[in-house]
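Subject: Structure handover

Hello,

Here is the structure for you to look through. My notes on what was found follow below it.

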Amino acid sequence: MPKHYRPAGKKKEGNAARYITRSQSVKYLQVSLSLFRKLCILKGIFPREPKKKVKGNHHTYYHTKDILFLKHEPLLEKFREMRAYEKKIKKAVSKKNRDLAERLLTRKPSYTLDMLIRERYPKFIDALRDLDDCLSMIHLFAALPAVEREKIPVNRVHNCRRLGHEWQAYISRTHRLRKTFISVKGIYYQAEIDGQKITWLTPHVLQQVLPDDVDYNIMLTFLEFYEASNICTYHYLELTLLAFVNFKLYHSINVKYPPILDSRLEALAADLYALSRYFDNRASTTDSKAASLTESDVSKDLGEGPNYDESELRMAQLQQLSSNEPGALMHLVQNAAEIDEDDPETRECKTLLKDIKVFLSREVPRESLLFVIPAFGGIVSWDGEGAPFKETDQTITHQIVDRPTQGHKFLSREYVQPQWIYDCVNARILLPVEEYVVGRVPPPHLSPFVDNEAEGYVPEYAETIKRLQAAARKEVLPMPGVGKEDLDDPQNLLVEGVIDRAEAIEATEKKRKMSVLQKQYHDELKKEIRSTQISAASDGNKESVSEHVDTGEDSLPDLSQITKDADSMSNVLMPRKKQKLLKAMKIGQERKQASVDRLKERKRRIDEGKK
């Protein structure tokens with residue numbers, strides 16, 4: 001009898017019981033393949049890779065428990081009801097019963113994803129951890145053209161754009177932005193909320209072309225889970241992932257969600273500015289109203305007045321606002337400026353650009369700069385209607401331009417390229433503008449997501465930024481050309497003026513004692529090796545042993561050779577799995593070193609070409 005023989009009717013065990021193929025899952029659930037994919041995306045079920053693939057390597061495997069969860073999912077029954085209802089509509093249309101078809105269309109069943117949000121993200125921190133792909137998808141569809149044949153209607157694009165602006169308005173207002181980087185794919189941003197780093201990608205503001213080799217049905221299913229598909233009345237909001245996160249974040253700073261934008265600014269495509277502007281306007285209005293109340297009025301209201309609901313109070317405040325106020329948010333209650341004042345990083349980001357006033361020319365990426373500059377405390381305007389101030393304002397300190405020639409220049413401001421803003425944000429200091437003036441090739445745009453020390457190659461401009469940061473923080477750094485090995489020598493530090501003479505003498509004495517102890521250790525090690533060799537050869541020829549002893553230190557093995565032999569012995573005794581892992585690690589280190597050498601060679605050629 002074979003070892004793995006299983007009699008007929010016996011229960012399955014092992015991988016055969018734990019995993020199930022995709023075709024078996026579709027047959028078990030009695031759904032189509034497209035509906036099965038949609039259910040897996042909405043429920044967060046993904047394929048698995050078992051160690052032993054029972055049905056073969058050409059199958060896709062799922063956990064059996066995941067498929068059982070799908071079997072009892074209420075959303076599956078809702079999809080079946082919708083499919084049966086569509087058959088009724090199709091039957092009425094085929095029979096030319098127009099009245100029945102119209103009645104059925106008006107009562108078409110729908111579904112919500114609120115329960116899935118609560119199920120997949122029981123805590124708010126769980127939703128923040130899974131927000132990277134969500135934000136990238138929302139910003140991608142906000143930049144796509146509306147194509148009906150790909151099921152991308154205009155209202156869906158506008159909805160994605162609104163959600164992205166609401167997210168950026170919160171990040172900019174609370175100063176949570178940490179890093180930004182411009183690449184060929186788009187602009188990368190990284191924000192930090194409740195200790196969670198959230199990174200997303202926004203495409204460049206260009207005409208997007210939809211490729212034909214992309215399955216948009218799968219992307220639209222992800223988008224359906226990410227976006228807020230329907231916003232209803234004041235008291236009800238159908239929440240999906242990003243709408244849920246925005247709702248929670250806005251209420252954390254006492255802001256009514258969803259916000260109502262000013263129609264004039266919304267028509268001028270200044271949604272992000274409209275959201276940010278009303279934060280300031282409504283905060284000042286709230287503070288003035290609070291200051292006008294006396295203690296007697298407050299006690300009277302608390303003691304005699306009825307207990308109004310908070311939503312009713314906010315609606316009453318909304319009705320008191322003027323309709324032509326140049327803002328967007330119409331339900332702000334308290335000022336959000338005092339949030340996380342104790343956070344040193346937030347305080348640093350808040351005051352980075354507080355002393356500059358920026359004006360944007362028409363050719364620069366306006367939406368990105370309107371998001372980044374206020375997030376770090378700057379004041380910004382642009383060329384167009386609805387702008388807070390004009391180009392002729394004499395208080396402007398910097399103007400962002402991207403054209404080699406200017407029609408009119410003001411002597412009271414600096415004309416810089418857009419890269420200056422992003423480099424200042426990543427360096428957390430105001431860099432000199434001489435390298436970023438108009439018509440000059442700017443320095444390399446370094447990525448803040450790359451650890452230069454870990455990669456083994458530090459660009460020259462990164463060293464310059466490091467010295468500027470140290471100068472801004474009044475730190476002492478060694479002179480150029482002094483390496484880490486030079487910092488270990490106290491005499492070099494004394495020459496550089498880093499330490500005084502008393503500290504240098506004390507450090508020199510410590511280093512001398514350490515060298516004496518190290519020499520003593522090496523001498524003892526040599527004596528031990530010599531005694532071992534003599535004892536090993538005592539049974540042999542004593543004359544050869546005496547000759548070997550007379551030769552002294554020349555016949556002793558090298559310490560580096562002993563280390564290599566120990567490493568090779570450890571490799572021999574290592575299990576095969578760990579040997580493969582060690583080999584892969586060495587290959588990765590060699591590739592990294594080859595990349596560093598290639599960068600150094602490229603820089604050497606560039607320097608030679610400049611000469």
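Strand E3 (residues 177-182) and E4 are antiparallel partners, with five bridges between them. Please keep in mind throughout that this is a predicted model. Within that pairing, Thr 180 sits opposite Tyr 189 in E4. The link from E3 to E4 is a hairpin of four residues.

E4 also pairs with strand E5 (residues 196-202), again in the antiparallel sense, over seven bridges. Here Gln 190 is the residue opposite Thr 199 in E5. The hairpin of E4 and E5 has two residues between the strands, and Asp 194 in that hairpin takes a positive phi near 55°.

How many of the seven residues of strand E4 are buried? Five are, so E4 (residues 187-193) is largely enclosed by the rest of the structure.

**The parallel sheet**

Four strands form an open sheet in the order E7-E6-E8-E9, with parallel pairing. Its edges are strand E7 (379-382) and strand E9 (414-416), each of which pairs on one side only. From one strand to the next, the twist averages 25°.

Strand E6 (residues 357-360) pairs with strand E8 (residues 398-400) in the parallel sense over three bridges, and Phe 359 stands opposite Gln 399 in E8. Helix H18 (residues 366-375) packs on this sheet and touches E6, E7 and E8. The direction of H18 makes about 165° with that of E7.

**Nonpolar cores**

The largest nonpolar core contains 96 residues. Leu 131, Trp 167, Leu 241, Val 245 and Leu 360 have the most contacts inside it. Leaving aside residues up to four places away in sequence, Val 245 touches Phe 124, Ala 127, Leu 128, Leu 131 and Trp 167. Another core, of five residues, lies apart from the largest one; Tyr 85, Ile 89, Ala 92 and Ala 101 are among its members.

**Helices H5 and H6**

Helix H5 (residues 74-94) packs with helix H6 (residues 98-106) at an angle of about 155°, and their axes are 8 Å apart. Angles over 145 degrees count as roughly antiparallel, and H5 and H6 are therefore roughly antiparallel to each other. Their crossing is left-handed. On the H5 side, the contact is made by Tyr 85, Lys 88, Ile 89, Ala 92 and Val 93. On the H6 side, Leu 100, Ala 101, Arg 103, Leu 104 and Leu 105 take part.

**Two loop residues with positive phi**

Most residues other than glycine have a negative phi. Gln 30 is not a glycine, yet has a positive phi of about 60°. Gln 30 lies in the loop between helix H2 (22-29) and helix H3 (33-43).

His 175 likewise has a positive phi, near 60°, in a residue other than glycine. His 175 belongs to the loop between helix H10 (154-174) and E3.

Is Gln 30 buried or exposed? Its relative accessibility is 66%, so Gln 30 counts as exposed. His 175, in contrast, is buried, with a relative accessible area of 12%.

**Whole chain**

The protein chain has 27 helices and nine strands. Of its 611 residues, 35% count as buried. Among contacts in the chain between residues at least 6 apart in sequence, 61% join residues at least 24 apart.

Regards

Conventions
Residues numbered from 1 in each chain as written. Predicted model: local features only at pLDDT ≥ 70, side-chain atom pairs only at ≥ 80, totals over all residues. Heavy atoms only, no water. Buried < 20%, exposed > 50% of the residue type's maximum accessible area, 1.4 Å probe, protein only. Pairing = 2+ DSSP bridges. Axes fitted to C-alpha atoms, helices over the stretch in contact; angles between N-to-C directions. Contact = heavy atoms within 4.5 Å. Core = buried A, V, L, I, M, F, W, Y, C linked by side-chain atoms within 4.5 Å. Parallel < 35°, antiparallel > 145°, perpendicular 65-115°, else oblique. Left-handed = near helix turned anticlockwise from the far one by under 90°.
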